[in-house]
Amino acid sequence: IEGEPVSIGQLIGAYYLNNQAHYAIYWDTDHYAGYYDQYGNPTKKAFLKAPVKFSRISSRFSHNRFHPILKRSRPHFGTDYAAPYGTPIHSVANGTVIERSYTKGNGYYVKVRHDNQYKTQYLHMQKFAKGIYKGASVKQGQVIGYVGSTGLATGPHVCFRFTKNGRPIDHLRENFPPPEPLPQSELEKYLIVRDSIVPLIDQIGQEYG
């Protein structure tokens with residue numbers, strides 16, 4: 001409007017019908033943020049498929065890849081997503097930053113622990129996002145850095161690495177478990193909010209459905 005972007009603001013609830021009714025209610029606390037169904041189950045998957053909006057996968061997970069800089073074959077335990085300099089890099093799941101550092105090979109990188117099984121690592125960053133430090137809690141989709149080409153990199157990309165129980169895995173082939181529902185301590189408070197929003201959604205459906 002007159003050159004200024006406008007919005008309806010935060011979407012607090014949604015509904016759709018596909019053989020049965022589905023509700024999604026927004027819930028945001030210090031430890032949980034996102035949309036949850038009628039029973040407190042997350043509507044998102046446990047992990048995002050990729051940490052960045054990418055133009056292409058420039059290199060896949062491999063046990064024997066020819067390195068373009070070192071000019072020799074060695075394992076590549078990650079997936080390279082090519083993207084322009086400065087493209088935001090997102091944490092693929094809730095977790096805790098356990099490393100934020102620089103090495104000659106990795107460049108600027110961040111490592112996140114998600115649970116007792118899974119950790120992710122994001123390499124070759126141009127710079128870290130504000131508030132990203134060792135011990136910081138991050139949420140799924142939160143920006144943790146920006147695409148660069150620091151370390152052993154021939155161009156702007158993020159090398160995305162996944163480990164399960166300490167061993168590198170190809171995340172594109174992994175069958176991840178479903179996300180954890182809200183714990184009982186959060187669920188009791190969430191249900192109060194849910195019960196205040198669902199009738200409003202139902203009323204809209206009666207008026208316009």
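Predicted model: local features only at pLDDT ≥ 70, side-chain atom pairs only at ≥ 80, totals over all residues.
**View 1. Lys 139 and Asp 28 pair up in a salt bridge.** Here the closest N and O atoms sit 3.3 Å apart. Lys 139 is found in the loop between β12 (137-138) and β13 (143-147), while Asp 28 belongs to strand β2 (residues 20-28), so this pair ties together parts that are 111 residues apart in sequence.

**View 2. Glu 174 meets Lys 164.** The side chains form a salt bridge, at 3.0 Å from N to O. Look for Glu 174 in the loop between β15 (167-169) and α1 (184-208), and for Lys 164 in strand β14 (residues 157-164); the two are 10 residues apart. Glu 174 counts as buried because its relative accessibility is 18%, and the cut-off for buried is under 20%. Lys 164, at 27%, is partly exposed.

**View 3. Asp 170 and Arg 173 make a salt bridge.** The closest N and O atoms of this pair are 3.5 Å apart. Asp 170 is buried, with a relative accessible area of 17%. Arg 173, on the other hand, counts as exposed at 72%.

View 4. Zoom back out and the structure holds four salt bridges, including the one between Lys 139 and Asp 28 and the one between Glu 174 and Lys 164. The idea behind such views is simple: side chains of opposite charge can pair when their charged atoms come close.

Methods:
Residues numbered from 1 in each chain as written. Heavy atoms only, no water. Helix = DSSP H or I, 4+ residues; strand = E, 2+ residues; numbered from the N terminus. Buried < 20%, exposed > 50% of the residue type's maximum accessible area, 1.4 Å probe, protein only.
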